[in-house]
Amino acid sequence: MSWKTYYVGDGEPRDVSLDGPPPWRTFPRVPDQHAFKPPEGLTDAVNAALYLHRPLLITGSAGTGKSTVIEQVAAELELGTVLRWHITSRSTLPDALYQYDALGHIHSLRLRQTSYEGRRTGRGGGRGRTDRARPADDIAPFLKLGPLGTALLPGDRPRALLIDEIDKSDLDLPSDLLDVLERGEFEIPELVRHPLRQVRVREWGEKTRTHLVREGHVQCTRFPFIVMTSNGERDFPAPFLRRCVRYTMPAPTADTLRDAVAAHLDLEVPESGPVWELIKEFADRIARKEVLAVDQLLNAVRLMTDEQAPSGPQLKRILDELLLRELSGG
């Protein structure tokens with residue numbers, strides 16, 4: 001068996017057995033909290049955020065484990081499934097708090113009103129019955145709490161929320177978050193105006209689990225454990241930073257990279273041989289400020305340690321041109 005086991009390029013159909021994925025590419029994703037080794041000072045930052053009930057803002061380059069921190073904390077403290085809000089330039093605070101399908105609601109009301117009118121006049125199969133009440137406005141199926149809104153629900157234990165890559169947001173989003181992070185509450189205007197004073201609203205990521213929202217108001221009783229990650233691509237306003245505990249991930253060294261490889265691949269790496277040389281070269285490139293991610297190294301080591309991996313010039317070409325290219329630029 002050779003590297004050309006899968007795709008040959010001759011267009012001929014063949015029965016090919018695909019190998020299993022590496023541990024970090026299995027689906028559904030199962031967090032491996034044991035593989036992450038917190039760098040110096042990170043446990044103090046996490047504990048300070050937990051003690052002060054403040055968000056933790058972690059800054060660092062891609063692939064340094066920023067988003068893995070919350071998985072480990074949630075597992076150790078039994079905070080439940082981590083809620084995730086992945087930030088883009090189009091992310092807004094209202095979407096993170098709750099989502100309302102207004103068009104679907106209007107369409108449903110029209111259908112129910114048509115059905116009611118049909119029954120009332122006899123066109124719906126009845127004989128002019130008028131004893132049935134006008135259909136109630138059931139808004140619940142069209143409302144869903146967002147990840148931040150779910151994290152702010154009252155409860156005995158705080159929820160864990162990851163706000164990933166907040167530096168990718170619109171310039172106004174960090175400032176928009178200030179009041180919610182300070183007060184730990186928000187309102188759903190559609191429920192504030194609704195005739196029903198209590199409505200069950202579905203939680204984020206849940207198909208059946210709901211929470212009873214009274215008069216459109218949600219107020220946390222335990223501030224959630226919030227981790228916000230940033231790749232350091234922008235500055236944040238001082239009022240926003242004042243509300244956070246901040247930590248900067250250190251640049252990985254050859255030793256910390258070796259620990260990561262050993263943990264993720266269950267591989268012992270002696271301080272000699274091709275894997276160790278690759279790790280040292282990778283660490284040197286990071287020290288020279290090249291933009292690289294740790295999972296690139298994991299991919300490369302996984303490939304080169306496989307018994308059926310390519311070798312010689314072919315391996316070097318795959319590593320240099322495909323797996324270990326710098327992430328900045330094309």
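How far is the sulfur of C220 from the closest cysteine sulfur? In this predicted model, the gap is 15 Å, and the partner is in C244. That is too far for a bond. A disulfide needs two cysteine sulfur atoms within 2.5 Å. Look from the other end and the answer holds: for C244, the closest cysteine sulfur is in C220, again 15 Å away and too far for a bond. The structure holds zero disulfides.

Are these two cysteines buried or exposed? C220 is buried, at 12% relative accessible area. C244 is buried as well, at 10%. The cut-off for buried is under 20%.

Now turn to helix α6, which covers residues 173-183. Which of its residues are buried? They are L173, P174, L177, L178, V180 and L181. Check the spacing in their numbers with one general rule in mind. An α-helix has 3.6 residues a turn, so residues three or four places apart point the same way. In α6, L173 and L177 are both on the buried list, and so are L178 and L181.

What do these buried residues pack against? Their neighbours include strands and helices from several parts of the chain. The strands are β2 (83-86), β6 (185-187) and β10 (225-230). The helices are α3 (93-97), α5 (147-151) and α8 (238-242). Find each one in the structure, then trace α6 to its end. G184 follows the helix, and its phi is positive, near 65 degrees.

Next comes a pair of helices. α9 spans residues 254-265, and α10 spans residues 274-287. Their axes come within 9 Å and cross at roughly 125 degrees. The two helices are therefore oblique to each other. Their crossing is right-handed. Which residues make the contact? From α9 come A254, D255, L257, R258 and V261. From α10 come W276, I279, K280, F282 and A283. Sort them by class and you get seven nonpolar, no polar and three charged residues.

Most residues other than glycine have a negative phi, and most peptide bonds are trans. Where does this model depart from that pattern? One place is D266, in the loop between α9 and α10. D266 is not a glycine, yet its phi is positive, about 50 degrees. D266 counts as exposed, at 74% relative accessibility. Another is K289, with a positive phi near 75 degrees. K289 sits in the loop between α10 and α11 (294-304). K289 is also exposed, with a relative accessible area of 70%.

The peptide bond from F27 to P28 is cis, with omega near -5 degrees. P28 lies in the segment before α1 (42-52).

Last stop: G63. This residue is in the loop between β1 (56-59) and α2 (69-77). Its relative accessible area is 35%, so G63 is partly exposed. How far apart are G63 and N231 in sequence and in space? They are 168 residues apart in sequence, but 9.7 Å apart in space, C-alpha to C-alpha. Leaving out residues up to four places away in sequence, G63 touches A293 and V294. V294 belongs to α11, which covers 294-304.

Note on methods: Residues are numbered from 1 along each chain as its sequence is written. This is a predicted model: local features need pLDDT of at least 70, side-chain atom pairs count only at pLDDT 80 or more; totals for chains, interfaces and linings use all residues. Side-chain values use heavy atoms; hydrogens and water are left out. Axes are lines fitted to C-alpha atoms, for helices over the stretch in contact, and angles run from 0 to 180 degrees between N-to-C directions. Helices (H or I, at least four residues) and strands (E, at least two) are DSSP runs, numbered from the N terminus. Angles under 35 degrees count as roughly parallel, over 145 as roughly antiparallel, 65 to 115 as roughly perpendicular and the rest as oblique. A crossing is left-handed if the near helix is turned anticlockwise from the far one by less than a right angle, and right-handed if clockwise. Contact means heavy atoms within 4.5 Å. Ala, Val, Leu, Ile, Met, Phe, Trp, Tyr, Cys and Pro count as nonpolar, Asp, Glu, Lys and Arg as charged, and the others, Gly among them, as polar. Buried means under 20% relative accessible area, exposed over 50%, partly exposed in between (1.4 Å probe, protein chains only).
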